[in-house]
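Dear colleague,

Please find the structure below, handed over for your own work. The notes after it set out what was found.

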Amino acid sequence: CMVRHYKFNVVLKNTSRLCSTKPIVTVNGKFPGPTIVAREDDTVLIKVVNHVKYNVSIHWHGIRQLRTGWADGPAYITQCPIQPGQIYMYNFTLTGQRGTLWWHAHILWLRATVHGAIVILPKRGVPYPFPKPHKEAIVILSEWWKSDVEAVINEAMKSGLAPNVSDAHTINGYPGPVSSCLSQGGFTLPVEAGKTYMLRIINAALNEELFFKIAGHQLTVVEVDALYTKPFKTDTVLIAPGQTTNVLLTANRGPAGKYLVAVSPFMDSPIAVDNVTATATLHYSGTLDNAATTLTNPPPQNATPVAANFADSLRSLNSKLYPAKVPLKIDRSLFFTIGLGVNPCSTCVNGSRVVAGINNVTFVMPKVSLLQAHFFNTSGVFTDDFPGNPPTQYNYTAASQPSTNFQTETGTKLYRLSYNSTVQLVLQDTTVIAAENHPVHLHGFNFFEVGRGVGNFNPKKDPKKFNLVDPVERNTISVPSGGWSALRFQADNPGVWFMHCHLEVHTTWGLKMAFVVDNGKGPNESLLPPPTDLPKC
Ligand code: C2O
């Protein structure tokens with residue numbers, strides 16, 4: 001195995017999109033940022049130097065960080081932020097992982113422009129479990145705001161209301177021509193007729209699950225969140241913020257032609273509206289410059305059946321080489337409600353603010369990092385009394401209207417797990433305010449989604465239908481709006497692990513919590529000591 005070195009200079013860069021220019025925070029002046037390429041079991045060292053006025057931290061989304069929580073990155077969870085002018089060296093090993101993941105800033109709303117791909121190749125000589133593609137391409141989906149992104153969320157937090165949606169989506173940094181700016185070009189993916197390509201699709205958007213479609217072409221899904229799946233064909237991919245999806249694309253419409261690549265939001269919540277899209281072009285070699293592009297209609301914003309059909313098609317590959325190790329015996333069974341609420345706020349526009357919570361707790365960020373407090377046994381930073389079930393009077397009913405309990409409690413509460421315990425976690429969306437989409441991400445682990453459904457989880461009936469053979473395994477799950485997802489994982493990674501909605505607005509509102517996993521007794525079962533350059537608060 002190798003040691004791979006990267007240097008990330010966090011710098012401002014003037015960037016033009018939608019026919020106007022603004023300075024954005026970037027890594028090495030690039031939007032999207034640089035790609036990290038490594039091989040399974042390599043060690044990666046990334047020196048991050050902060051040249052901007054904001055505090056910074058970077059998360060390596062989906063990297064297991066076995067015993068190296070100090071390199072995970074969420075600010076105030078596993079580290080204090082890297083202050084202006086400071087440096088931190090992230091140091092981790094890609095133990096038993098291969099596939100597409102990504103990295104992003106994990107503080108404020110900086111990840112809007114501070115993100116990039118991580119490509120982990122299989123060990124030398126180990127092939128993909130599908131025919132080798134002719135070429136591979138990274139496809140990063142994101143958003144663009146004309147105004148300053150930090151100002152967007154700061155204003156929303158002052159008013160207590162929802163923030164503005166973005167002005168455009170982007171594909172590899174470009175929206176493609178839109179009515180407000182017809183002159184701008186979009187990303188072009190060159191292909192040769194008859195060849196097969198692998199697209200590594202990443203949803204880096206702050207606030208939207210997205211549909212991805214290419215006119216006239218089917219896509220074969222082979223991997224999600226750096227875990228191989230049973231291949232299946234689809235004409236539309238659903239991808240939530242945080243998720244990654246590898247698809248095979250065969251250029252079988254040649255010899256020449258241009259085909260539209262379309263990205264559009266999926267939101268089946270009654271309260272959210274967004275119709276900004278992004279486009280790119282699939283360009284067969286030898287196509288005349290003035291050739292017309294074959295168009296496609298993206299699914300409507302509320303295309304729940306398209307989304308559900310995609311989610312239901314995902315299965316772990318579960319082959320001899322890549323078995324699905326679903327925990328069968330459960331040590332801890334947890335039931336968490338996730339949803340929005342309303343808390344009093346004397347300075348806000350309506351005298352109240354929108355909040356979000358898990359089991360009715362709106363998480364309050366600490367002033368020092370939880371992992372340090374855990375490792376050094378500092379009291380007063382967090383409590384470990386996170387409720388394993390929602391309060392009984394709390395109306396989580398997905399089918400009925402909430403009654404009086406709109407309000408959440410606040411606190412920095414963690415849930416404690418013993419080393420190697422097996423956990424079943426049912427996430428139930430609520431109707432407090434309204435049903436909403438929630439892509440929930442767990443740091444430090446992959447989990448199996450053993451079941452999902454709409455309406456309320458039925459603890460007597462639903463577990464009988466769980467898939468314990470080949471459920472999809474991943475690190476970020478889109479819980480159906482007004483429905484539930486049942487997850488299983490093994491707590492084999494000691495440390496403090498953040499879990500939150502990957503819609504940045506919901507995280508900011510408090511839809512987050514953390515697990516603290518105690519050390520085991522064995523020689524390789526404890527959290528390693530912190531590196532000497534760990535940032536201070
Ligand atoms: Cu990709 Cu805690 O996030």
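Two strands are said to pair if DSSP finds at least two bridges between them. The strands themselves (E, at least two residues) and the helices (H or I, at least four) are DSSP runs, numbered from the N terminus.

Two points on provenance come before the findings. This is a predicted model, in which local features need pLDDT of at least 70 and side-chain atom pairs count only at pLDDT 80 or more, while totals for chains, interfaces and linings use all residues. Residues are numbered from 1 along each chain as its sequence is written.

**Overall form**

The protein has four helices and 33 strands. Its radius of gyration, taken over C-alpha atoms, is 22 Å, close to the 24 Å from the globule rule (2.2 Å times the number of residues to the power 0.38) for 537 residues, so the protein is as compact as a globular protein of that length. Along the principal axes, the C-alpha atoms fill a box of roughly 65 × 55 × 55 Å.

Of the 537 residues, 49% are buried. A residue is buried if 20 or more other C-beta atoms, placed from the backbone, lie within 10 Å of its own, exposed if 12 or fewer do, and partly exposed in between. Contacts are defined by C-beta atoms, placed from the backbone, that lie within 7 Å of each other. Among contacts between residues at least 6 apart in sequence, 78% join residues at least 24 apart.

**Domains**

The domain assignment, whose bounds come from an automatic or database source, gives domain 1 (1-125), domain 2 (130-316) and domain 3 (332-517). The C-alpha centres of domain 2 and domain 3 are 28 Å apart. To their contact, domain 2 gives 27 residues and domain 3 gives 30 residues. On the domain 2 side, the elements that supply two or more residues are α1 (149-159), β15 (227-234) and α2 (304-313). That side has 15 nonpolar, eight polar and four charged residues, where Ala, Val, Leu, Ile, Met, Phe, Trp, Tyr, Cys and Pro count as nonpolar, Asp, Glu, Lys and Arg as charged, and the others, Gly among them, as polar.

**The six-stranded sheet**

Six strands form an open sheet with mixed pairing, in the order β10-β9-β12-β17-β14-β15. At the edges stand β10 (168-171) and β15, each with a single partner strand, so one side of each has no neighbour in the sheet. From one strand to the next the twist averages 25 degrees, with axes fitted to C-alpha atoms (for helices over the stretch in contact) and angles running from 0 to 180 degrees between N-to-C directions.

β9 (residues 135-144) and β10 are antiparallel over four bridges, and W144 has A168 in β10 as its bridge partner. β9 and β12 (residues 196-203) run parallel over seven bridges, with V139 opposite I201 in β12. β12 and β17 (residues 244-250) are antiparallel over seven bridges, and Y197 is bridged to L249 in β17.

**The four-stranded sheet**

A further open sheet with mixed pairing has the order β3-β8-β7-β5. Its edge strands, β3 (36-39) and β5 (58-61), each pair on one side only. Neighbouring strands here are turned by 20 degrees against each other on average, direction ignored. β5 pairs with β7 (residues 99-105) in the antiparallel sense over four bridges, and I58 stands opposite A105 in β7.

**Backbone points to check**

Most residues other than glycine have a negative phi, and most peptide bonds are trans. Where does this model depart from that pattern? Two peptide bonds are listed here as cis: F31 to P32, with omega near -10 degrees, and G254 to P255, with omega near 10 degrees. P32 lies in the loop between β2 (20-27) and β3, and P255 in the loop between β17 and β18 (258-266).

Y76, not a glycine, has a positive phi of about 70 degrees; its place is in the loop between β5 and β6 (87-93). Y76 counts as buried, with 23 C-beta neighbours inside 10 Å. A226, likewise not a glycine, has a positive phi of about 65 degrees and sits in the loop between β14 (219-224) and β15. A226 counts as buried with 27 such neighbours inside 10 Å.

**A buried loop residue**

F386 is found in the loop between α3 (370-375) and β24 (409-411), and counts as buried with 22 C-beta neighbours inside 10 Å. Leaving aside neighbours within four places in sequence, F386 is in contact with V361, K413, L414, Y415 and M513.

Kind regards

Note on methods
Two residues are in contact if their C-beta atoms, placed from the backbone, lie within 7 Å.
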